[in-house]
Amino acid sequence: MTVDRLIRIFAGSFILISLALGVEGSPLFVSHWALAFTAFVGANLLQFGFTNACPLGWFLKKLGVPEGSSACAR
């Protein structure tokens, strides 16, 4: 598994989990503040698109995960 694939998995998982925790009809509902976490993850993904700064990618590379072909893995 490559850095870029792991980043997509982490981001998608965090967004889905935070939506489940923040939507009132969900059986996992905790608080509407969980939706703020969804916005935070979205803002980080948007920031990466403009700056190519990816702290998670750096961390995964330090752990020895092979690089992919995306800009985040550079």
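1. Start with Ala-11, which is found in helix H1. Helices here are DSSP runs of H or I with at least four residues, numbered from the N terminus. Ala-11 is buried, with a relative accessible area of 11%. Buried means under 20% relative accessible area, exposed means over 50%, and partly exposed lies in between, with a 1.4 Å probe and protein chains only. Leaving out residues up to four places away in sequence, Ala-11 touches Val-41 and Leu-45. Contact means heavy atoms within 4.5 Å. Ala-11 and Gly-42 are 31 residues apart in sequence, yet their C-alpha atoms are 8.5 Å apart in space.

2. A word on the source. This is a predicted model, in which local features need pLDDT of at least 70 and side-chain atom pairs count only at pLDDT 80 or more, while totals for chains, interfaces and linings use all residues. Residues are numbered from 1 along each chain as its sequence is written, and side-chain values use heavy atoms, with hydrogens and water left out.

3. Stay in helix H1 for Ser-18. Is Ser-18 buried or exposed? Ser-18 is buried, at a relative accessible area of 2%. Apart from neighbours within four places in sequence, Ser-18 is in contact with Ala-34, Leu-35, Phe-37 and Thr-38.

4. Next, the nonpolar core. The largest one has six residues: Val-3, Leu-6, Ile-7, Cys-54, Leu-60 and Val-65. Helix H1, residues 3–22, gives the most to this core, with three residues. A nonpolar core is a set of buried Ala, Val, Leu, Ile, Met, Phe, Trp, Tyr and Cys residues joined through side-chain atoms within 4.5 Å. Leu-6 touches Met-1, Leu-60 and Val-65, not counting residues up to four places away in sequence. In soluble globular proteins, nonpolar side chains tend to be buried together.

5. Now the largest pocket. About 330 Å³ of space lies in it. Of its 15 lining residues, the closest to the centre are Ile-7, Asn-44, Leu-45, Pro-55 and Leu-56. On a 1 Å grid over the protein atoms alone, a pocket is an open set of points with protein on both sides within 12 Å along at least five of seven lines, and lining residues have an atom within 4 Å of a point. The volume is the space filled by probe spheres set on the points.

6. Which helix gives the most to the lining of the largest pocket? H2 does, with seven residues. H1, H2 (34–51) and H3 (55–62) each supply at least two residues of this lining. The lining divides into 13 nonpolar, two polar and no charged residues. Here Ala, Val, Leu, Ile, Met, Phe, Trp, Tyr, Cys and Pro count as nonpolar, Asp, Glu, Lys and Arg as charged, and the others, Gly among them, as polar.

7. A search of the whole structure finds one aromatic pair. The rings of Phe-10 and Phe-14 have centres 6.5 Å apart and planes at 20 degrees, so the pair is stacked. Rings of Phe, Tyr and Trp (its six-membered ring) pair if their centres lie within 6.5 Å; planes under 30 degrees apart count as stacked, over 60 as edge-to-face and the rest as tilted. Phe-10 and Phe-14 are four residues apart in helix H1, so about one helical turn separates them. Phe-10 is partly exposed at 33% relative accessibility, and Phe-14 is partly exposed at 41%.

8. Last, Phe-29, in the loop between H1 and H2. Phe-29 is partly exposed, at 30% relative accessibility. Phe-29 and Leu-63 are 34 residues apart in sequence and 34 Å apart in space, C-alpha to C-alpha.

Technical notes. On a 1 Å grid over the protein atoms alone, a cavity is a set of points where a 1.4 Å probe fits but cannot get out, and a pocket is an open set with protein on both sides within 12 Å along at least five of seven lines; lining residues have an atom within 4 Å of a point.
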